[in-house]
Structures are given as C-alpha cells and as structure tokens.
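Me: I would like to learn how to read a few features of a model. Please take them one at a time.

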Amino acid sequence: MISVRRMLQQALRVSGRSAFPLLKWAEKWAEGAAAGPDGTTVRSLDDMPGPSVLGFAWDLFARRGLSKLHQLQVGALQRYGPMWKASFGPITTVHVAHPALIEQVLRQEGQRPMRSDLSSWKDYRKLRGQHYGLLTSEGEEWQEVRSLLAKHMLRPKAVEAYDQTLNGVVSDLIAKLRLRRHPEGLVTDIAREFYYFGLEGISSVLFESRIGCLEPVVPKETELFIESINTMFVKTLLTMVMPKWLHWLFPKPWDIFCQCWDNMFEFAKGHIDQRLREAAKKSNCEKVKGHYLAYFLAQTDLPMKTVYSNITELLLAGVDTISGTMSWSLYELSRHPAVQASLRDEVLSVLEGRKVPQAADVARMPLMKAVVKEVLRLYPVIPANARVITERDIQVGGYLIPKNTLITLCHFATSRDPTVFPNPNEFLPRRWLTKDQSHHPYASVPFGVGKRSCIGRRIAELELYLAIARILIEFDVRPDPKGVSVKPMTRTLLVPENVINLQFVER
Ligand code: HEM
C-alpha cells in the first residue's frame, strides 16, 4: 500500500503538471497514514482537512456563498486537496473532487443508491400528503418506477420514436425566435425562450400533446409553473440549511417554497387528468395508441398520487436543464464562429439537402456531440451531485467514511481542474474528438453514472441535438454587440448569472 502511495507521489512529480493540491494531498496521505492489520491504511474523518465551522458558515452566508458554491469547490480543492470535510452543527459532509475518487464512491453506491436527502423537498411532500417521484423516492419505491420508466426513456429505440414529436416543438421554437427578434436580429434573454422550449418538449413526450408554451401568448398557468420552478430552486438550498425550528421564526422562505410546489403539483395534475379524460372518451371506439408517458404510468398499478408526483418531477427536471444547456451552447457557439461554421457544415453534410434532422442522423454528427459534451463540462447543470451510502461504511482515498454520511461529488471542480483538462476554462469541443487527449471516464459526468443516473439523458440529448441543428441551419448566431461575458452561478442548479442576449441572423 505504501509503495502505491510512493508511486502516486512520484507520478505526480514526474508528470510536471500543475498538480499542486493533489501532490500535497498525496504527500499528506503518504506521511500520516497508519497501516492496519491487513496491510491497508485507513484514516478517519477526524484526519480529513477542511474549513472550520465558522469559516464555512462565513463563506456560505456572509459572502453570498450559496450562489457561488461551484466556485467554493474550486477554492477548496486548491486549499485542501481532493478530499475535504465541512461540518455544520452535528452534520459532517465529505467533499470529493478528483475523478478517481468520484469513481471510488460511485462504485460502492449499492443496488439502490440514495442521491442526497433533499430534505425540504421531502418535508413538503410529507406535509401535503403528496407521494414521491423519481427524484425524491428511495429504495424499492424508487426501483419500481425507475424500472417502469427506463423501458420508455433509456432504450435507444424507444427514444428515437420521439423525434417527430420533438421536431414539431423545434419548429415552433424557430418561429418563436423569429417573432421575438428585434429588427437587428437580437433576441433578449434567450434562457427564457428555452425554458418554454424545455417545458413544451418534455410535455410533448409526457402528454403527446402540446401545451402552448411556444405560442405568441403563453398560458398564464404555464408562466406560473415556470416561475414556481425558478423560485423553488432559489429557496431549495436555503430551506435545506435552515433548521426546521427557524421556519417558525422566519416563515417566509418555507411558505413561498411550499406555494411553489403546490403550483407545480396542480399544473401537472391538471394536465394529466385532462389527457386521461380525453383517453377515456376515445377508448370505446379507438384504442389510445401513442406512447406518451403519463398515460403509460396511469395504466400501471401505481397509485394516482404516485403518477402525479412522478410527472411533476419529470416536468421540473426537463426545464432548467434544457434551458441552461441550450443557452450556454448558443452563447459559446456565438463566441466561437469557426466552431459554429464547422458544426453547421457537419449538419448540412449529414442532411444532404433535407431541412429537418431525424434521430438516426445524429449518430453521424460527432462534432455536435462533442459541442454538447464540452458545454456540459464547462457548465455542468448539476455542479455538485451527492450520494449517501446507507448500507455500510466505505473507504475512499484511504479514508473510512461512515455510512449515512453525505458525500458531495464536486463535478464543477473536476471539470475545471487544469490537471484533468488542459486549458479548462476554454471552450474546446475538439478535445472530445482527439484520441490522444483521453480523459478519466469520471472527469466529466454531467448526467451522473450508474443506476441512479439521469433517466432523461437520451431524451435531453436528442432534444438538444435536434434544436441546435435546426437553429444553425436557419440562423447565423452572433453575440450581442453590447453584451458582456456571462458567468455561471449556483441556484441549486448551475445557471447563467446574467441575462444572455444573442443575435439570430437569417441565413
Ligand atoms: C442537459 C440536460 C440534463 C442534465 C445535464 C441532467 C443531469 C442529471 C443529473 C446529473 C442527475 C443525477 C444523476 C445521479 O445522481 O447520478 C439527473 C437525474 C435525473 N434527471 Fe436529468 N438531466 C438533464 C435532463 C433531464 C430531462 C430532460 C429529464 C426528464 C425527462 C430528466 C430527468 C431526471 C430524473 C427523473 C432524474 C432522477 C433519476 C433517478 O433518481 O433515478 N433530466 N439528471
């Protein structure tokens, strides 16, 4: 074991890369670890570096750290190395910020992994008697719905079948961009347009019908749903770190948080009930065909409350994720016209004169895939994921982590680590296409890995590829001449800090 340590130290020194924090960590690890009876060495959490309780609280609250959590990861990696702990009251969280260590955690996650407590989301459901959906459920309850949905959401053939539906939504997006353009081609606040696009896209898959998000006038209840998602995410971190007794003293954040969830559940229930009424009318004469997911779930033995909560959570998961990734993709492509031109060439050569790509075309667009990978490396929608291993203590990086410890996987830090990705802050999609630049498979995992990974991944990727391809066929996308460079901020998810405006110039 010790010799492995020495080898790691040597390798890091010989590599000559700026592996300073990692080197310091390896040195500390090599110096202080005591050998156990079987020759392996294990340290306890007491030996793990990390900020003091006061320092951590100061960073979080006094320095507006909640919106800079992604940056705090980078700072902590430099200060403490790739594993550190943060304590808040009696709770200690372990942070892991190296691909090999993230792999170690995920390989020990067990059969039914738990992501994190998401305590305030669960508290809301308990308070209102709502059921859990895929994002919030655990154990057998999670497994049952995951297996049902995986058939329709993860099998490549099943997902390909959504391409016509999604292309209809993309056509409306293009029309909406044209409608929203100012005379010189500028569309302001593109993230807003892509929220509507994200919601219409996931609704079309769930309900196989349209809900009007991309109409010139957006229905009021849709506006309310999107506003509720935004506000709920803003309040999530706060309601999770606030002890429950504080809700009595400062009720506003918790009340607003609950009101947002009420609105979201009501929106989803309204749409599901309406679709089921339509289906019931049809079923006497004409069997409901199609493969829309809400109908499929409603036909299983699941209680209707479980159907409502799952559809609510799927709708929620499909909005900010798509909006953020679309916004950053076009933002980066507008600032890198050569990449944009190459990507357009790739799309046009695959389509051979056709105007609308299909799912099968995407397989022949390697640069398109590399662009989206690079965007998600720079701006991972979930900058820090988490796992709680409930079954047993595990060992990671030579430390013994007691069961039930919250382990935060610092994806933003690994994505921006220069020892992992050279020139980490630059948008270089071709890094994903050159074989000599292979990266650790856990260095950038924007959809997660394993049994609990993103169930919407294939649908999301298809939606993104179809939309980006069509936008580039129709428009030359340019930066706002008066625009500023936009940085990300954490709002539970990673989102643009400022409004992004772009020019969509007719081709
Ligand atoms: C760019 C788009 C997206 C990204 C980057 C993304 C990313 C993620 C990540 C990182 C997770 C956690 C995985 C883990 O813990 O290992 C996740 C979970 C999940 N995502 Fe996505 N997502 C995206 C789009 C979507 C869409 C469109 C949907 C809905 C169709 C969706 C539905 C879900 C659900 C339901 C889960 C929970 C899965 C479970 O716990 O079993 N996601 N996503």
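Me: Which residue takes a positive phi in the hairpin of β9 and β10?

Reply: This is a predicted model, in which local features need pLDDT of at least 70, side-chain atom pairs count only at pLDDT 80 or more, and totals for chains, interfaces and linings use all residues. Residues are numbered from 1 along each chain as its sequence is written. Strands (E, at least two residues) and helices (H or I, at least four) are DSSP runs numbered from the N terminus, and two strands pair if DSSP finds at least two bridges between them. Here T492 has a positive phi near 70°, and one residue lies between the strands. β9 (residues 488–491) and β10 (residues 493–496) run antiparallel, joined by four bridges. R491 is opposite L493 in β10.

Me: How is the packing of α16 and α21 described?

Reply: Two packed helices are described by the angle between their axes and the distance between the axes. Axes are lines fitted to C-alpha atoms over the stretch in contact, with angles from 0 to 180 degrees between N-to-C directions. For α16 (residues 320–335) and α21, the angle is about 35° and the axes are 11 Å apart. Contact means C-beta atoms, placed from the backbone, within 7 Å. Residues of α16 including T321, T325 and L330 meet a set in α21 that includes A460, L464 and I471.

Me: Is C454 buried or exposed?

Reply: A residue is buried if 20 or more other C-beta atoms lie within 10 Å of its own, exposed if 12 or fewer, and partly exposed in between, with C-beta atoms placed from the backbone. C454 counts as buried because it has 20 C-beta neighbours inside 10 Å. C454 lies in the loop between α20 (411–415) and α21 (457–474).

Key. Two residues are in contact if their C-beta atoms, placed from the backbone, lie within 7 Å.
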